[in-house]
Amino acid sequence: MNTKETINIRITGLGGMGILKGSQVLAEVLFQAGYDVKKAEVHGMSQRGGSVASDIRFGKKILSPMIPEAETDFLLVVAPEEIEIHRGALRPGGHLINAQSFDTVPLPNRKSLNIAMLGALSRHLNIPVEAWQKVILTVFPEKLHAVNLEAFEAGRRLSP
Amino acid sequence: MTEKRLLSGNEAVALGALHAGCARGTGYPGTPSTEILENYTLLGGEAAWAPNEKVAAEVALGVAFAGSRAMVTMKHVGLNVAADVLFTCAYSGIQGALVFVVADDPGLASSQDEQDTRRYGMAAGVPVIEPGDSQESYDFTRLAFTLSARWKIPVILRMTTRVSHTTAIVQPSDKIEAPLSPHFVRDIPGRVMIPGHARIKHRELRAKLREIQEWCETEGPNQIHQGTSSMGIVSCGVASQHAREACPEASLLKLGMTYPLPFKLILGFLKNKTQRFVIEENDPFLVEQIRAEGGDVPWNPEPYRMGELNVERVRRILKGDLTPEPVPARGRPPRLCNACPHGYVFEMLKKHDCIVAGDIGCYTLAALPPLSAMDSQICMGASIGVGLGLRHVLPEAEARRVVSVIGDSTFMHSGLTGVAEMVFNPPPTGHVLIVLDNLTTAMTGQQEHPATGRKLDHTPTTRILIEEVVKAMGVKTVLVLDPVRQLAELESAVMKALQSNDLTVIVARQPCLLAAGRIRSYEKSVPTHS
């Protein structure tokens, strides 16, 4: 993992795509791994199909909850049409994890794309896979455990 | 030591209130404040939605008069509705504790204006405390209760969208206060604010504020981050986090209480600084006060009183960069859900070129293209009064096209007095009011209200029927129609009403698509009585 003090991750998509759920899982994993973490999102209108973005910052000590312009290390775009809005947020050399990379990945349910993308992200973060699985089991109701664990694995298998 | 938790600012306020021994929470839903009461209830606190913020604040005041601790939550514009309570309970004071949690929305994520609640604190003479993250949301909520109890004064906890909706780590305290034992102590001169009593209470209020200011100088929730440069920044709330990141080498005084201000502390901090800045969101509230006390701090360029601050914007202020800011790329705007029942009504009103006086809720989205079917939206309940005003003066042909449209929760919040006006002073052409009743407060995330028949926790209570209320108020023609299945009847009823000189209220009732499943499950668990 990057040795820089703060790592910035943005997850973006449209209302109803599980952006807030995905960022909840991520923040919880980072928190349990012992990092300082802040997760900033603006909701309220998100259920009405509008753009939704969540900024997750972690490291030793996090100040501003919003990622400064062009300092995003990992950009996860769940709705392909949102890429252009956020491309400028990515720092030079930052990683784009795009929904289109999952077009041919068999997922048990396309609704778990958010978690599959976290699987892809997890390859870049030095956090044991069990820690992710543990959080997925606590955040989702039991009937959604299998699909989400499977989606996470599918994302993890995607070459980084 | 209790375990650390990952909490949003709103969740942290709820936990802080519970740990402060708050006996009852009241409020009206409004982004970004809504989750406070919902979480407070989930944690086991007693809480209820009120019809509006004024009533919520009055109930909370009664709780505090009884010697208990109370919290009332609202968004910034909600305090306009509750302002009548705020100003005079600042005089009367309270017995237990009373905290107004008010969430501002710099940047207008989901609001009609960017008003700054700190000005209400100063105007009413009520202390204002401002958390900048989740830990402070917890700590400062507890502090607000402590100060309120100590000085027998209401206290405002000013949240902002970013603080309310950012999740961060919170270390709760081990010390948990038990609720107080309420009992009634008669205090007629202290609580009956007739002029003779209020003159005395006003002097008492100003004396309390002087004491609180003195306390704030030495014991207030203020922090100095010593930097290496000779730049000094005075800041508050989440803006101070942006400022520390934007310029780590500057010294920064972070004020936790922004009214009344600790001027000795501020002027002392600024004294040896060669460059001085104030970084705050919304109005130049700190700048004005510090300058009035002789502090040499510059005004920030006007664009920075609009919108949220962030690290880049603070860097621009510190550099004196006056070049135009880059316009952020806008994503897809929110819109009415596909097949939303409201959509049918607006399409019909558009078809007949109606002049639509609108209101606050999801349905305000009907003002946007392609519908463009709403002509005004100002504040909760304004659809009725504005529609009547238009009818009174427009030429008859235009007056007959005016329709007021309001949602069910907004109707219970501020529509009843509008109907009273309609019956009291009807325009010569009469008037038509459509209540879009989707059986929930959809906009803020499906909260209950007095016309749903369920309380905050979705357990049943007496349901107020909007059609019965307006009939009882004297409206002659009252119809209840389903805007999806009875659209043709709804259309002909509106046409007929527009041509008559009578008053007509049409309740267009169909559950919100997003809420329908939940509403059915609530009804199944316990049948509500209508």
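## Helices and strands of chain A

Chain A has 5 helices and 5 strands. This is a predicted model. Along the sequence, the elements of chain A come in the order β-α-β-β-β-α-β-α-α-α. The radius of gyration of chain A is 14 Å. The globule rule gives 15 Å for 160 residues, so chain A is as compact as a globular protein of that length.

## Dimensions and packing

The C-alpha trace of chain A spans about 35 × 35 × 30 Å along its principal axes. Of the 160 residues in chain A, 49% are buried.

Take the contacts between residues at least 6 apart in sequence: 64% of them join residues at least 24 apart.

## Where chain A touches chain B

How many residues of chain A are in contact with chain B? There are 27, and they meet 29 residues of chain B. Two elements of chain A each give two or more residues to this side: α1 (19–32) and β2 (36–41). The largest share comes from β2(A), with 6 residues.

What kinds of residues make up the side of chain A that touches chain B? They divide into 12 nonpolar, 7 polar and 8 charged.

## A strand pair across the chains

Strand β2(A) also pairs with a strand of chain B. Its partner is β8 of chain B, residues 166–170. The two strands run antiparallel, and 3 bridges join them. Within this pairing, A:K38 stands opposite B:A168 in β8(B).

Notes:
Residues are numbered from 1 along each chain as its sequence is written. Chains are lettered from A and ligands numbered from 1 in the order in which they are written. This is a predicted model: local features need pLDDT of at least 70, side-chain atom pairs count only at pLDDT 80 or more; totals for chains, interfaces and linings use all residues. Two residues are in contact if their C-beta atoms, placed from the backbone, lie within 7 Å. Helices (H or I, at least four residues) and strands (E, at least two) are DSSP runs, numbered from the N terminus. Ala, Val, Leu, Ile, Met, Phe, Trp, Tyr, Cys and Pro count as nonpolar, Asp, Glu, Lys and Arg as charged, and the others, Gly among them, as polar. Two strands pair if DSSP finds at least two bridges between them. The radius of gyration is taken over C-alpha atoms; the globule rule is 2.2 Å times the number of residues to the power 0.38. A residue is buried if 20 or more other C-beta atoms lie within 10 Å of its own, exposed if 12 or fewer, and partly exposed in between; C-beta atoms are placed from the backbone.
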